[in-house]
Amino acid sequence: MNRSTTRSRRDFLQKMLSTAALAGITPTIWSETLHAHQLLDPPTPQAYTANSRVNIAVIGMGIMGFSNAETSTALPGVQLVAACDLYTGRLDRAREVYGKELFTTRNYKEILDRKDIDAVIIATSDHWHDRITIEALNRGKHVYCEKPMVHKLEEGAEVIATQKKTGKVLQVGSQRVSSIVTRKAQELFEAKAIGDLVMVEAWMDRHSANGAWQYSIPTDASPTTVDWESFLGDAPRVPFDPVRFFRWRNYRDYGTGVAGDLFVHLFSALHTVTSSAGPNRIYASGGLRYWKDGRDAPDLILGVYDYPETAQHPAFNLQMRVNFVDGSEDGEGLRFIGTDGVMHLGWDSVKVVRHKISKVPTYGGWDSFETFTAGQQKEFEQWYKVNHPASTPVIQDSDLEFRAPEKYSANIDHHLAFYAGVREGKPIKEDALFSMRAAGPALASNKSVFDKKIILWDPVTAREAVTK
């Protein structure tokens, strides 16, 4: 490490500690409340005129559809005017929550036809993401699409090209990209708080039936209340099955499994912190270990990824897993392991623990020194003192922990970023290219599991690499 890099890291860490001290906060733990002002003290509704208000529609009123509607409508200047779903019960529920005047339909094209709708939130099953996104962009709508952006690897290029052609805002819904905690982790990473990155460990495990997507199925589910044919779309034709409709994440025809749902969160956070475009070599293994309920998507996947050296980071390795049978209740984590320490990134906090490594070997203890003769040990000690003189003690940087404010919501910040893009043209970080760079390695993990082979990936173009 050169001297300027060492000095910049020391200056950065000292600045962070000094700021905390001035605020009267324990030096190793502080909250960056100024970053949360948008949530804690939002602008009043009167700040938005009729021309600056954003009219939205939600396509897919399932769990994430209702969640995104709730988040967006909590923001000043955003109004929900329409909702689409293929189950009439959810449309009825939408009118219960948002008023009888809410326009509802089973046909998403009716949403895209409306001139008064500025943006759509797409929260359908994964296999509809690319088609509706492309159609919405081409119809002049801004798009907030749930992750993963696409269902299949080959679908990403057209979405990227369509966003570029139309110039419309497209943001994908991995909220950690907009989190103040993730941004703080990025600052720490760039300041080399953990030295040079060597590897990353990431996991997001669950241990419950609901966590394994065994969602509730309404008692009135039938071919009358569910538009089954529209749901199938480009998927294989099969008879009506309420389990497949309401628990679609369990089936490869409609969903992307644990990798598409949860790996994408981890990749998105990792790529934000490191400013990485992604890995170039992917291998994964997994299978159904417990939830043998008719699903064909694995409940356990483990992946190993090679990240090449770039201007933003050294070459490093990633190991990632999702396990839906987590009897250990280990939960989830994202650990950046470097030469001088480790950084633990959670949803609400980031912590750096310093362990600076020395390249100078010692002797004694669990070492071959004790196997030498007494004479050779004395001779070795003399040689060691000559070749490794005592160095000047180095003051170790303090461990650091950053915690988000108590009422902070990364989900709110992510939606605020979307509407800032719509209203003001502010750049969107999690655009089509970024999103494919996160979705691609996740979907390639599935491909590796099912095809039992290593997948080569081009992180720059976000496409599967062409082998000669």
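1. At what angle do H3 and H4 pack, and how far apart are their axes? In this predicted model, the two helices pack at an angle of about 20°, and their axes are 12 Å apart. Angles under 35 degrees count as roughly parallel, so H3 is roughly parallel to H4. The crossing in which H3 passes H4 is right-handed.

2. Here is who meets whom in that pair. H3 brings Phe 66, Ala 69, Glu 70 and Thr 73, and these meet Arg 90, Arg 93, Ala 94, Val 97 and Tyr 98 in H4. Sorted by class, the contact of H3 with H4 has five nonpolar, one polar and three charged residues.

3. After H4 comes Gly 99, which has a positive phi, near 105°.

4. H11 spans residues 257-274 and H14 spans residues 432-451; their axes come within 8 Å and cross at roughly 135°. With that angle, H11 is oblique to H14. H11 passes H14 in a right-handed crossing.

5. Which residues make this contact? On H11 they are Ala 259, Gly 260, Phe 263, Val 264, Phe 267, Ser 268, His 271 and Thr 272. On H14 they are Phe 434, Arg 437, Ala 438, Ala 439, Pro 441, Ala 442, Leu 443, Ser 445 and Asn 446. By class, the contact of H11 with H14 divides into 10 nonpolar, six polar and one charged residues.

6. Now for the chain as a whole. Its secondary structure comes to 14 helices and 17 strands. The chain has 468 residues, and 50% of them count as buried. Its accessible surface is about 22600 Å², with 51% belonging to carbon and sulfur atoms.

7. Finally, a word on contacts along the sequence. Taking contacts between residues at least 6 apart in sequence, 72% join residues at least 24 apart.

Conventions
Residues numbered from 1 in each chain as written. Predicted model: local features only at pLDDT ≥ 70, side-chain atom pairs only at ≥ 80, totals over all residues. Heavy atoms only, no water. Helix = DSSP H or I, 4+ residues; strand = E, 2+ residues; numbered from the N terminus. Buried < 20%, exposed > 50% of the residue type's maximum accessible area, 1.4 Å probe, protein only. Contact = heavy atoms within 4.5 Å. Areas by Shrake-Rupley, 256 points an atom, 1.4 Å probe, with all protein chains shown as cover. Axes fitted to C-alpha atoms, helices over the stretch in contact; angles between N-to-C directions. Parallel < 35°, antiparallel > 145°, perpendicular 65-115°, else oblique. Left-handed = near helix turned anticlockwise from the far one by under 90°. Nonpolar A, V, L, I, M, F, W, Y, C, P; charged D, E, K, R; others polar.
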